[in-house]
Amino acid sequence: EYALAGLFALGLPLTYASLGAVLFVAFAGFILGWYALLRRWLGSPALAAFGVLATIAWLFLFQTSPTRSVYYFPAMTPYRFWLFVPVVWMALSQARAPKRWRRYAIIAVSSLAVFWNLENGIFAAVAAWLCLAYAEHEARSREQGVRSGVSALVQHLGRLALVWVGAIAVIAGVITGVNWVIVGYPPDWGAYLREVLPFGTGIGMTPLPLVGLFEMFVVAYAATFAYMLRRMIRREPLDVGALFFALFGAASLLYYIGESTWQNLYLVTTPLIGLLLWVFRQVLQRPPTDYTLARLATAGINAAVVLVAGMLLLKVPVELGTRDYARIGDSFARPAIADPALADDAAVLARDYRHLNRLAVIHRSDVPLLLTLGKANALDLYYLFNLYYTQQVDVLLAQVQREQPPVIIVGRVGLLPDQGLDLDDQVRYFRAHLPPNYRVTQQLQTLDIYER
């Protein structure tokens with residue numbers, strides 16, 4: 001969010017098209033970096049190219065339809081998790097030739113990832129911590145000519161953990177200081193964590209189906225960890241890249257289970273793609289001698305190729321068919337609100353509250369409303385549909401009681417005409433529990449204006 005705010009503050013138009021352009025650059029940069037990483041790690045341009053195509057198919061085209069694009073969902077793009085690429089690149093180098101500066105670079109980048117995106121950042125940092133400890137443990141064993149025991153590895157993990165905690169604390173301190181200088185107060189770190197906590201309920205939040213595609217992920221990671229445990233028991237070295245993707249992927253799957261929705265499955269697919277490519281390389285370099293295993297391996301590789309090719313053939317025409325490049329220039333202008341009633345309400349707010357930099361808004365159409373006004377939400381809320389529980393609304397009400405914003409915009413409740421779904425239960429709860437010193441001063445078509 002800080003990075004995007006900086007880009008828009010530098011003059012990038014605050015429009016959906018501008019955000020789409022930023023996401024396009026992030027996607028393109030990630031794909032190039034992903035290809036370079038896979039080629040270096042696997043030593044095969046063909047496998048790297050296939051990995052890139054598979055990533056595009058699942059991460060980009062899987063979200064494509066005549067009314068939908070990956071650029072509508074920033075959190076579902078590599079802009080969210082791209083920092084694992086430089087971390088793995090440096091971890092591979094550290095495993096071959098340990099360097100002191102590279103160790104601290106891995107710690108710094110993976111610690112920064114925690115603040116870039118909390119969920120994926122934590123998973124990347126934990127995976128990097130375990131991989132770095134293992135890589136340096138193995139390098140020390142090679143230098144000494146004697147393989148160190150598990151106790152030495154555990155001690156090294158403990159020492160590195162302290163360094164990681166220190167790095168995270170330093171970054172948090174820097175962000176706090178910069179925020180204080182620019183806006184006059186520190187970040188609300190509690191709000192940063194609160195949105196993630198509900199997902200700790202895990203599978204109970206939205207129950208997963210008994211049979212689902214996610215079980216392929218579970219089986220793949222379980223088999224990988226069993227294979228790695230067997231190698232460790234035999235005191236055989238592990239591939240650091242495969243170790244990272246197994247750890248990072250399995251942890252990322254926890255977020256999918258916590259969200260329990262198919263829409264997040266493609267978000268956690270990239271680590272599994274890397275892991276499967278590593279398996280394919282193992283099979284191609286050392287084909288199984290057993291006839292049944294050889295047939296299974298061949299069938300698995302062929303199935304993966306057909307699946308990716310089918311996705312590309314079906315989805316690329318859909319993606320290109322929904323684009324109108326003749327209007328690319330117009331798209332960067334701030335689009336008008338399509339709903340006439342909401343547009344009229346926005347005009348009233350723009351006229352009466354132009355002196356306020358921020359408006360407290362809780363409304364079904366909060367995003368287009370705030371974009372049109374060119375203002376930020378004074379509440380710790382950027383999207384109404386992120387209010388999953390009444391406890392989250394209680395946090396907003398506590399913020400109102402504490403900060404006493406001069407104006408609060410509350411949406412009118414009702415049903416979506418095209419779906420017949422009541423999506424305003426949280427708005428209704430918010431309205432019913434506003435502090436008594438607020439009263440309605442204006443009633444517009446889609447919203448009410450409360451003032452103290």
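Colleague: What is the relative accessible area of Val183, and how does that class it?

Modeller: Val183 has a relative accessible area of 43%, so it is partly exposed; buried means under 20%, exposed over 50%, and partly exposed in between, with a 1.4 Å probe and protein chains only. This is a predicted model, in which local features need pLDDT of at least 70 and side-chain atom pairs count only at pLDDT 80 or more, while totals for chains, interfaces and linings use all residues. Residues are numbered from 1 along each chain as its sequence is written, and side-chain values use heavy atoms, with hydrogens and water left out.

Colleague: Which helix is Val183 in?

Modeller: Val183 belongs to helix α7, residues 150–183; helices (H or I, at least four residues) and strands (E, at least two) are DSSP runs, numbered from the N terminus.

Colleague: And which residues form the nonpolar patch on the surface?

Modeller: The patch is made up of Val170, Val174, Val178, Val181, Ile182, Val183 and Tyr185, which together have about 700 Å² of accessible area. Patch members need over 30% relative accessible area and no salt bridge, with nonpolar side chains (Val, Leu, Ile, Met, Phe, Trp, Tyr) joined within 5 Å and like charges within 9 Å; a salt bridge is a side-chain nitrogen of Lys or Arg within 4 Å of a carboxyl oxygen of Asp or Glu. The areas come from the Shrake-Rupley method with a 1.4 Å probe, and for residues only the protein chains shown count as cover.

Colleague: Switching to aromatics, how many pairs are there in the whole structure?

Modeller: The search finds 16 aromatic pairs; rings of Phe, Tyr and Trp (its six-membered ring) pair if their centres lie within 6.5 Å, with planes under 30 degrees apart counted as stacked, over 60 as edge-to-face and the rest as tilted. One of them is the tilted pair of Phe84 and Phe248, at 5.4 Å centre to centre and 40 degrees between the planes. That pair links distant parts of the chain, with Phe84 in helix α4 (residues 84–96) and Phe248 in helix α10 (residues 240–259), 164 residues apart.

Colleague: Are Phe84 and Phe248 buried or exposed?

Modeller: Both Phe84 and Phe248 are buried.

Colleague: Why does the pair of Phe244 and Phe248 count as tilted?

Modeller: The ring centres of Phe244 and Phe248 are 5.5 Å apart and their planes are at 35 degrees, so this pair is tilted. Phe244 and Phe248 are separated by about one helical turn, because they are 4 residues apart in helix α10. Phe244 counts as buried because its relative accessibility is 2%. Ring pairs also link Phe30, Trp34, Trp41, Phe81, Phe84, Phe244, Phe245 and Phe248 into a cluster.

Colleague: What about the sheet, in what order do the strands come?

Modeller: The 5 strands form an open sheet in the order β2-β1-β3-β5-β4, with mixed pairing; two strands pair if DSSP finds at least two bridges between them. β2 and β4 (439–443) stand at the edges with a single partner strand each, so one side of each lacks a neighbour in the sheet.

Colleague: Which strands does β3 pair with?

Modeller: Strand β3 (residues 407–411) runs parallel to β1, to which 3 bridges join it, and Ala360 stands opposite Ile408 there. With strand β5 (residues 447–451), β3 pairs in the antiparallel sense over 5 bridges, and Ile409 has Ile449 as its bridge partner.

Colleague: How many residues of β3 are buried, and which way do they point?

Modeller: 5 of the 5 residues of β3 are buried, so the strand is largely enclosed by the rest of the structure. Val407, Ile409 and Gly411 point one way, whereas Ile408 and Val410 point the other way.

Colleague: And which backbone angle stands out at Gln404?

Modeller: Gln404 has a positive phi of about 50 degrees although it is not a glycine, and Gln404 sits in the loop between α15 (390–403) and β3.
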